Amino acid sequence: MQIVEKDNIPNILEIRIDRLSNLGFGIAKLNGYVIFVPNTCPEDVVRVKVDKRNKNYAYGSIIEIITPSPHRVQPFCKMQNVCGACQLQFIDYHSQLKYKKEIVEDTMRKIFGSEIEVRDVVPSPQIKEYRHKIQYPISQTKESKRIIAGYYKPSSHDLINIKYCPIQPEYCDKIIDFIRENAQKLNVSGYIEKEHKGLLRHVVIRTSSLNKKSLVVLVINSCSKNANVENFAKLLFNNLDNISGVCVNYNSNKTNLILGEKTDLIIGKDYVEEALCDKVFKIGVKTFFQVNPKSANNIFNYIKNYIKTNCPNSSIIDAYAGISAFGICLSDIASNVTTVEETKESVDIANTLLKENNINNVSAYCEDAGSFLQKLATSGTKFDITVVDPPRKGCTKESLDYALKLTKRKIIYVSCNPATLARDLKYLKDQGATIEYIQPFDMFPHTYHIENIAIISL
Ligand SMILES: C[S@@+](CC[C@H](N)C(=O)[O-])C[C@H]1O[C@@H](n2cnc3c(N)ncnc32)[C@H](O)[C@@H]1O
């Protein structure tokens, strides 16, 4: 077999795509040398230009699709190729699910060597209009000073003006269009990032699949109140249906972080309501809440049914709890639930919810999850079940150690990042835990993202 090295790869190649990478790029292999090609899918035969080469892999871009994969479809969004948010929209939905399962399997194989059971992906109940958190950067054109709002082109800060996004509810397009058309009339300028000038830098919309109401947050490049922005917030509220409230968030830092520390409610309510299982949750400006509520509902019900069937009447700890959504949903079938989350706003919302709904068997704590688990583990406290749902970076080794120490029966690990899930599962397995299986759910149709539940027995 001819050994392929980076220097014998020609600049132009004809290749057949076999799989998708964890970032949704097509992968072709030449005797072990890997070529990643964005916007391709398995069974495509493509002519590509090699743009960048490393020792074991290269990146290429399509010159021509010689034979299109039978799994290609016409993307339903005209901007798909430009905007970059829906990398997989040109692949039929059934195949997207199949490839996402393979992405999880490949990631597990790399770390474990042997197979871990990965079940078929549970599809999203909606594949359009599913995204219920929208964050658009805002700017203005150089000459005409027209407001533009949309997403940045992939790997750049070039803003694309997006008038219609089919993966978010249609009324959100209307809200953003109103901002485009009317902000300058009230002397609210768009932000020019390069010069760190201009006022309106982002619009964030939290919108409810329960009642279609939206909380609109105008993020401004200022650290103090601005009368023009406040008048504009009121104009927005009074002219559009579907808005439950408008807030202003102050962020005058030169930063990629969207939200600043401080937020003022200008008009209406500073939350929207969303349902999971049969419970209603209040979502504020900074509250973590799953972006696709209908798919989230499937995940929550799956875990609830699993515990009800396998470990009824358990004591449960819900770590990295957000607004204690798992804890509250599981309260009906648990003997007691303890939740821990580091963001105070989320814990306050959880406590209000518990009070309003007369739920007496859930206690919500505001603390770092690792320190909290350590405290409980060293005091000898035990729970039947630990649910962990950490951010993309996964859990720390210490928090896994303490979770093992304080859990009697199962750890249920909810993860939005297969790579850190694989790392953490390996660590748990090395400490003697049994990884039963992984159940993926599609929370983010048309993107490479995939949510997983891992069931771990002790
Ligand atoms: C993926 S979210 C899950 C939230 C919740 N389980 C849900 O489904 O709504 C992760 C949460 O972990 C919280 N978090 C991140 N690091 C933390 C830490 N070290 N200690 C406690 N909470 C943390 C974040 O604020 C966020 O609310």
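These legends walk through several close-up views of one predicted model.

In this predicted model, local features are described where pLDDT is at least 70 and side-chain atom pairs where it is 80 or more, while totals for chains, interfaces and linings use all residues. Residue numbers start from 1 along each chain, following the sequence as written.

**View 1. The domains of the chain.** The domain assignment, an automatic or database one, divides the chain into domain 1 (6-72), domain 2 (133-275) and domain 3 (292-457).

**View 2. The shell around the ligand.** Here you can find 19 residues around the ligand, where a residue counts as near if its C-beta atom, placed from the backbone, lies within 6 Å of the molecule. Y320, G322, E342, A369 and D389 come nearest. Two or more residues each are given to this shell by α6 (325-330), β17 (334-341) and α8 (369-378). Helices here are DSSP runs of H or I with at least four residues, strands are runs of E with at least two, and both are numbered from the N terminus. By class, the shell holds 10 nonpolar, five polar and four charged residues. For this count, Ala, Val, Leu, Ile, Met, Phe, Trp, Tyr, Cys and Pro are nonpolar, Asp, Glu, Lys and Arg are charged, and the others, Gly among them, are polar.

View 3. Helix α7 (residues 344-356) has 13 residues and should span 18 Å at 1.5 Å a residue, which agrees with the 18 Å between its end C-alpha atoms. The expected span is 1.5 Å times one less than the number of residues. S346, V347, I349, A350, L353 and L354 are the buried residues of α7. Down the helix axis, the buried residues of α7 fall within an arc of 160°, so they line one face; the arc is that of the directions from the axis to the C-beta atoms. Buried means that 20 or more other C-beta atoms lie within 10 Å of a residue's own, exposed means 12 or fewer, and partly exposed lies in between, with C-beta atoms placed from the backbone. The buried residues of α7 pack against β15 (279-283), α6, β17 and β18 (362-366), contact being C-beta atoms, placed from the backbone, within 7 Å of each other. Turned away from the buried side are the exposed residues K344, K355 and E356. K344 has 10 other C-beta atoms within 10 Å and is therefore exposed, and its C-alpha atom is 9.6 Å from that of T287, 57 residues away along the chain. Just after α7, look for N358, with a positive phi of about 55°.

**View 4. Helix α5.** The 18 residues of α5 (residues 293-310) should span 26 Å at 1.5 Å a residue, and the end C-alpha atoms are 25 Å apart, which agrees. P293, S295, A296, I299, F300, I303 and I307 are buried in α5.

**View 5. Helix α2 and its packing partners.** From first C-alpha to last, the 20 residues of α2 (residues 93-112) reach 29 Å, close to the expected 28 Å. Its buried residues are Q96, L97, Y99, K100, I103, V104, T107 and M108. They pack against β2 (19-20), α10 (418-430), β21 (434-441) and β22 (451-457). Just after the helix, G113 takes a positive phi of about 80°.

**View 6. Two loop residues with positive phi.** Most residues other than glycine have a negative phi. S324, in the loop between β16 (314-319) and α6, has a positive phi of about 65°. With 29 C-beta neighbours inside 10 Å, S324 counts as buried. N39 is in the loop between β4 (33-37) and β5 (45-53), and its phi is near 60°. N39 has 18 C-beta neighbours inside 10 Å, so it counts as partly exposed.

**View 7. V45 in strand β5.** V45 sits in strand β5 and is partly exposed, with 16 C-beta neighbours inside 10 Å. Leaving aside neighbours within four places in sequence, V45 is in contact with E14, R16, I66 and T67. The C-alpha atoms of V45 and R16 are separated by 4.4 Å, although the two are 29 residues apart along the chain.

Methods. Two residues are in contact if their C-beta atoms, placed from the backbone, lie within 7 Å.
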